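Please keep the structure in view while reading.

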Amino acid sequence: MSRISTAPGDQPTAAHALLKRLSEHGVEKVFGVVGREAASILFDEQDGVEFVLTRHEFTAGVAADVLARITGRPQACWATLGPGMTNLSTGMATSMLDRSPVIALAAQSESHDIFPNDTHQCLDLVAIAKPMSKYAAELERPAEITDLVDSAVAASMTEPVGPSFISLPVDLLGSSDGVDLAQDHGPARTPHKPIGAVQPGWEQDADGAAELLAGAEHPVFVVGAAAIRSGAVDAIRVLAERLGIPVITTYIAKGVLPHDHALNYGAVTGYMDGILGFPALETLFGPADVILTLGYDYAEDLRPSMWERGQDKQTVRVSPTANPVPRVYRPTVDVVTDVLAFVEHLDAATTDLPAKVRHDITPLRERIAEFLADPEEYADGMRVHQVMDSMNAVMAETAGPGAGTIVSDIGFFRHYGVLFARADQPYGFLTSAGCSSFGYGIPAAIGAQLARPGEPTFLIAGDGGFHSNSADLETIARLGLPIVTVVVNNDTNGLIELYQNMGHQRSHDPAIKFTGVDFVALAEANGVEATKATNRAELLGALRKGAELGRPYLIEVSINYDFTTGGFGALKI
């Protein structure tokens, strides 16, 4: 049997039907890398669907993840059979743990030659995908591709949102058997927001939450990304302002309140006490007596142990899913419903409630301000807080009100971003809270820039994570995306050095140290203009230049950390 599609050139195939239905669900871009299935699909079969070629399938998965996160609509990624799919799987894991509705697609061996682990490049793709997806299926009859897409979208857009997967045997993908593009399959029913669970009688639970809130002295809202997906951001802000309730967020819910809002008490990371040399978690949570977690998701890495500081607390969990982690979080009141519906109910139930007196976090804010204003010029490199302050300053100059995105790759520096990065809109700061894979930064910045083409996108990445996926600098250049990248370089996996010292009071260089990489030369080799900055003035000038260029720009900054091994007790599970 031939490995080349033999379908008549003028007949619609499963490939046509696949792209048509994706388009009807609002998918405009498919990120990926194509293999020999190119004989069956060209990706020009459907007007309005653009194939975005990446250098690595992981990039494709994360770019789709972030585009889906920001737009709130399903997005697609593609891989070839065998190793293409295994490369894509980390991107799928990212969208699973970070909760984005991604439709992942991969070619498979011919339907008559699927012998996993025996046929050349043939693996059991559905079995690989199932543990990290909401839905996984293999096409068996070309005429059924539309139904598979509909099932994939429905599963992907059900809370907790995540990826769906379809395996596509190359002969069936190129087959016209039973394919009729004129057939009426009904409208593509793409939910306008994710579908969540609703517990019957949740209103009574919500009334119980209102009673707790009425009796609280210092209540706090802890907000996760499901609140953003529900469309509850404006309602949370109105309620918080009316009742004077502080808002604390997870990594990826930064921006629910603008950066400088008085009730924005910041995003929480377990590294904050150690970075600041200050009891930040105690300051944030110690005085709180009632905590309402709105759209809380354990995968976002804000653990209940972080808020269990100071006085005893009562807690309210509000989520569109049943509680998956009762062993670590058993709330006083558990409300399973849409977050927006709950906030609106709570607002109506507290109309006569006077505003609370929020607890004071002035010492924490002063400590953060002290870090950001650090004027010292260090002989061994800048400090990450100085880099973040510079990025914040230029973002504030460049972005319009409520605009701009700062993206962080994964590493120790990421937690400085959680603490210090400016975020004036939901998903104004992007990082991978759930999966946290090296190399996240470049594809996340691609997705963010495509989602917000008129706004600046700044990326901060460490040398380790950045170089693990740096080939897709060429993708940024080819697409002409005006992403300003800052590579903070200490030739070290700095977070791992911290853990070595925490566990052994010393480090072992062969496990963490790299030889030098000239990231300026690397960027230029990939078509990206670049420079080095050694101090604040040079970095500010370079950031301003990059923001004005209208094309990709990279800045390499030598940095160092002044960490001690104390203050990281919150990381213990």
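## Cavity

Lining the largest cavity are Glu159, Pro194, Ala226, Arg229, Ser230, Pro320, Thr337, Asp338 and Val339. A cavity here is a set of points on a 1 Å grid over the protein atoms alone where a 1.4 Å probe fits but cannot get out, and lining residues have an atom within 4 Å of a point. The lining comprises four nonpolar, two polar and three charged residues (Ala, Val, Leu, Ile, Met, Phe, Trp, Tyr, Cys and Pro count as nonpolar; Asp, Glu, Lys and Arg as charged; the others, Gly among them, as polar).

The volume of the largest cavity is about 50 Å³, a volume being the space filled by probe spheres set on the points, which are joined across faces, edges and corners. One cavity of 30 Å³ or more is counted.

## Model and confidence

The model is predicted: local features need pLDDT of at least 70, side-chain atom pairs count only at pLDDT 80 or more, and totals for chains, interfaces and linings use all residues. Residues are numbered from 1 along each chain as its sequence is written, and side-chain values use heavy atoms, with hydrogens and water left out.

Average pLDDT (the predictor's confidence in each residue, from 0 to 100) is 95 for the chain, and 98% of the residues score at least 70. Over residues 1–6 pLDDT stays under 50.

## Sheet

E5 is joined to strand E6 (residues 164–169) by four bridges, and the two run parallel. Ala137 lies opposite Ile166 in E6.

Definitions and conventions: Pairing = 2+ DSSP bridges. Contact = heavy atoms within 4.5 Å. 1 Å grid on protein atoms, 1.4 Å probe; cavity = no way out; pocket = protein on both sides within 12 Å on 5 of 7 lines; lining within 4 Å.
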